[in-house]
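Please read the following report with the model open beside it. It covers side-chain pairings, nonpolar packing, backbone angles and confidence.

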Amino acid sequence: MGIRHRIAPLAAVLALAGGLAATAAAPALAAQPASGQTTAAAAADGTYLYFNKNQSNPGNSRLSLMKSVPDAKDKVLATYRAGSGDGGRNGTDECASSQGWLPNGTYQVLAHDAHYNGGDYGVNGKVIHVEDKVCENGRTKRAELFVHSEMWPEGSQASRRPGKDSPYRWDGSDDYRSLGCIKLKPADINHLFTKAGQAGWPTKLKVVS
């Protein structure tokens with residue numbers, strides 16, 4: 001997830017996977033899946049997302065759009081700085097709901113949406129929705145998982161509020177923190193949507209550390 005939990009308390013079921021502290025970013029619950037379902041045509045293109053988590057600085061991890069190449073090394077189409085988790089003492093614990101980063105493993109991409117509306121204090125704007133994942137303890141499910149940024153549903157930025165943080169405006173490096181979702185700055189998620197539209201929408205997300 002990605003909106004800041006200092007702005008609003010999370011609902012009981014929230015486990016977008018990682019949360020923020022006072023100045024960190026944390027997404028809220030999404031009410032419905034993103035609208036653009038993946039297609040057979042996209043699958044044929046062989047593109048996928050690859051998230052390499054940075055143990056020493058989770059907010060400076062890398063998300064890449066990859067293209068599968070038969071009998072050769074897969075091709076990197078684009079790479080972006082990205083973050084997951086709240087950056088706190090449990091920020092690298094994949095089983096810490098609303099604190100830790102996304103669990104390792106392979107996820108199905110469920111849908112993408114350029115104008116997602118997650119409701120008050122929710123994830124908005126350009127999003128890629130991936131399936132829930134049970135973490136390494138075999139019990140804790142991380143849910144409501146997205147690749148997203150901080151923006152209004154139509155993609156614009158909220159007005160600056162001196163001394164305060166907005167879940168709908170990208171203010172700096174602290175905004176890479178999340179409840180566990182993967183977060184990109186607005187310019188990068190815009191670029192990712194453009195590249196995916198050209199190369200074919202990814203059908204999987206692979207997460208490693």
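The report begins with how the model is to be read and then moves through its contacts.

**Basis and confidence**

This is a predicted model, in which local features need pLDDT of at least 70 and side-chain atom pairs count only at pLDDT 80 or more, while totals for chains, interfaces and linings use all residues. Residues are numbered from 1 along each chain as its sequence is written, and side-chain values use heavy atoms, with hydrogens and water left out.

The predictor's confidence in each residue is given as pLDDT, on a scale from 0 to 100. For this protein the mean pLDDT is 84, and 78% of the residues reach 70 or more. A contact here means heavy atoms within 4.5 Å.

**Salt bridges**

A salt bridge is counted when a side-chain nitrogen of Lys or Arg lies within 4 Å of a carboxyl oxygen of Asp or Glu. By this rule there are 3 salt bridges, listed here with the distance between nitrogen and oxygen.

| Salt bridge | N to O distance |
|---|---|
| E150 and K183 | 2.6 Å |
| D171 and R160 | 3.8 Å |
| R169 and D171 | 3.5 Å |

Helices (H or I, at least four residues) and strands (E, at least two) are DSSP runs, numbered from the N terminus. The side chains of E150 and K183 meet in a salt bridge; E150 lies in the loop between β9 (145-148) and β10 (182-183) and K183 in strand β10, so the pair ties together parts that are 33 residues apart in sequence. Both E150 and K183 are buried, where buried means under 20% relative accessible area, exposed means over 50%, and partly exposed is in between (1.4 Å probe, protein chains only).

In the salt bridge of D171 with R160, both residues lie in the loop between β9 and β10, so this pair ties together parts that are 11 residues apart in sequence.

**The disulfide**

How many disulfides does the structure hold? There is 1 disulfide, a disulfide being a pair of cysteine sulfur atoms within 2.5 Å. It joins C95 to C135, with an S to S distance of 2.0 Å. The torsion about the S-S bond of C95 and C135 is about 110°, so the disulfide is right-handed. The pair links distant parts of the chain, 40 residues apart, with C95 in the loop between β4 (75-82) and β5 (105-117) and C135 in the loop between β7 (133-134) and β8 (141-142). C95 is buried at 16% relative accessibility, and C135 is buried at 4%.

**Nonpolar cores**

In soluble globular proteins, nonpolar side chains tend to be buried together. A nonpolar core is taken as a set of buried Ala, Val, Leu, Ile, Met, Phe, Trp, Tyr and Cys residues joined through side-chain atoms within 4.5 Å. The largest such core has 24 residues, and L63, L192 and L205 have the most contacts inside it. At least two residues each are supplied by β2 (47-52), β3 (61-67), β4, β5, β6 (124-130), β9, α2 (186-199) and β11 (204-208), with α2 giving the most, at 4 residues. Leaving aside residues up to four places away in sequence, L63 touches a set of residues including L49, F51, V147, I182, L192 and L205.

A second, separate core of 5 residues includes Y116, V123, F146 and C181. Of these, C181 is buried, with a relative accessible area of 1%.

**Backbone angles**

Most residues other than glycine have a negative phi. S98, which is not a glycine, has a positive phi of about 65°; S98 lies in the loop between β4 and β5 and is buried at 14% relative accessibility. E144 also has a positive phi, near 55°; E144 is found in the loop between β8 and β9 and is partly exposed, with a relative accessible area of 23%.
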